[in-house]
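This report concerns a single protein model. The sequence and structure are shown first.

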Amino acid sequence: MTTKQLCLLGLLFFLISYLFFSKVLPDFQLPIDFAHWFNLIGACLLLSFNDVFPKNKFNFVASVITALGVIAHIGLCTIDFIMWSFGNNEVAKEVLSNQISHTPSILYPFIIVGPSLLFIGLAAHALSVIKTNFLSSMMVVVSAPAIGFSFFVLKNGVFMLFSCLVFVLGLGLLLYRKKIEAATNRQKQVAKL
């Protein structure tokens, strides 16, 4: 598979996970926790975006942030897999949740701050091409914090899904920005004739 194909597959898996998280897809979590498996695989594949954007100091920092975000997503999904394994045992879930909330070395890097780094890193990549791809870059930059805001503050699954859709669409457009620019230039040349 090419890097772009890995990126597209990552976007697809990530979007599917948000379909589960927003409760748009039926809640069938047996025999495995589909939502978090799609999220985990999608996040890992989104690491491929580090190879798609121009190579410079700004994008190096964005790549490091993105990589840290992927690592945090792996940790978050692992915690969620453990929670899922408790099934209907709410007491065990509460004990684990309480333990995690009292362990800052797990809480901050894997629950509160870390997973956001994936969105921050990809938004930083998008900022690097904002002069030439303003609309698609802004789609990523605006929707990245909107995903977290809709989940943590609004607790609105539909808005979260919509934000994720805009985020994925913006990254998809940036992924094929050179082909889109070439097609636009060809249309302009044909219009001149």
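The sections below cover the basis of the model, its fold, its surface and its core.

## Basis of the model

The model is predicted: local features need pLDDT of at least 70, side-chain atom pairs count only at pLDDT 80 or more, and totals for chains, interfaces and linings use all residues. Residues are numbered from 1 along each chain as its sequence is written, and side-chain values use heavy atoms, with hydrogens and water left out.

## Fold and dimensions

The protein has nine helices and zero strands, where helices are DSSP runs of H or I with at least four residues and strands are runs of E with at least two. Its C-alpha trace spans about 70 × 35 × 35 Å along the principal axes.

Contact denotes heavy atoms within 4.5 Å. Of the contacts between residues at least 6 apart in sequence, 70% join residues at least 24 apart.

## Surface and charge

Of the 193 residues, 40% count as buried, that is, under 20% relative accessible area.

There are 13 positive and 7 negative side chains, and the centres of the two sets lie 23 Å apart. Lys and Arg count as positive, Asp and Glu as negative, with each charge placed at NZ of Lys, CZ of Arg, CG of Asp or CD of Glu.

## Nonpolar core

A nonpolar core is a set of buried Ala, Val, Leu, Ile, Met, Phe, Trp, Tyr and Cys residues joined through side-chain atoms within 4.5 Å. The largest has 28 residues, and Phe-14, Tyr-18, Phe-49 and Phe-167 have the most contacts inside it. Helix α8 supplies the largest share of this core, eight residues.

Beyond its neighbours within four places in sequence, Phe-167 is in contact with residues including Phe-119, Leu-122, Met-139 and Ile-147.

Terms used: Buried < 20%, exposed > 50% of the residue type's maximum accessible area, 1.4 Å probe, protein only.
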